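Here are some notes to read alongside the model. Have it open while you go through the points.

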Amino acid sequence: MKRASSASTSSATPTKKPSTFSNTGGFTADSIPQHHYHLGEDNYAVVSDFGDVLNVHIRKFKMNENGRIFPTKNGVSFSPYVWESIVTEMVNSSLPSETGKKC
């Protein structure tokens with residue numbers, strides 16, 4: 001079953017908003033872009049707004065030979081609602097601390 005097209009029948013193409021996630025030039029560890037949050041090791045959380053849709057990406061990044069950091073295909077994407085639910089569950093969970101004892 002095909003999805004119904006939500007495209008407008010007018011010939012004018014709507015202007016798309018640029019994505020905050022499509023920085024193809026990468027970045028360096030000294031200049032992490034806005035909406036990118038280093039989680040440790042090669043993992044970053046990125047908030048993107050592609051096509052007027054907000055998403056939170058948890059993604060593995062890699063560094064090239066020039067020291068530039070780029071996203072890989074390895075990661076997941078969540079809507080803000082799902083992300084908030086995950087964070088709430090993590091806060092309410094009794095997770096082990098760095099010392100190995102439960103909080």
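1. A word on terms before anything else: helices (H or I, at least four residues) and strands (E, at least two) are DSSP runs, numbered from the N terminus. The model is predicted, so to speak of local features pLDDT has to be at least 70, and side-chain atom pairs count only at pLDDT 80 or more, while totals for chains, interfaces and linings use all residues. Residue numbers start from 1 along each chain as its sequence is written, and side-chain values use heavy atoms, with hydrogens and water left out.

2. Overall layout. The chain has 1 helix and 4 strands, in the order β-β-β-β-α along the sequence. Of its 103 residues, 16% are buried (buried is under 20% relative accessible area, exposed over 50%, partly exposed in between, with a 1.4 Å probe and protein chains only).

3. Strands 1 and 2. Strand 1 (residues 36-40) runs antiparallel to strand 2, with 4 bridges between them; strands count as paired if DSSP finds at least two bridges between them. Gly 40 has Asn 43 as its bridge partner in strand 2.

4. Most residues other than glycine have a negative phi. Glu 41 sits in the loop between strand 1 and strand 2, a hairpin with 2 residues between the strands. Glu 41 is exposed, at 69% relative accessible area.

5. Strands 2 and 3. Strand 2 also pairs with strand 3 (residues 53-63), again antiparallel, over 8 bridges. Here Asn 43 is opposite Lys 60. This hairpin, too, has 2 residues between its strands, and Gly 51 in the turn shows a positive phi of about 60 degrees.

6. Is Asp 52 buried or exposed? Exposed, at 62% relative accessibility.

7. Ser 48 is the residue to check inside strand 2 (residues 43-50). Ser 48 counts as buried because its relative accessible area is 3%. Its side chain makes a polar contact of 2.9 Å with the side chain of His 57. A polar contact here is a pair of N or O atoms within 3.5 Å; within protein, one must be able to donate a hydrogen and the other to accept it, and residues adjacent in sequence count only if both atoms are side-chain atoms.
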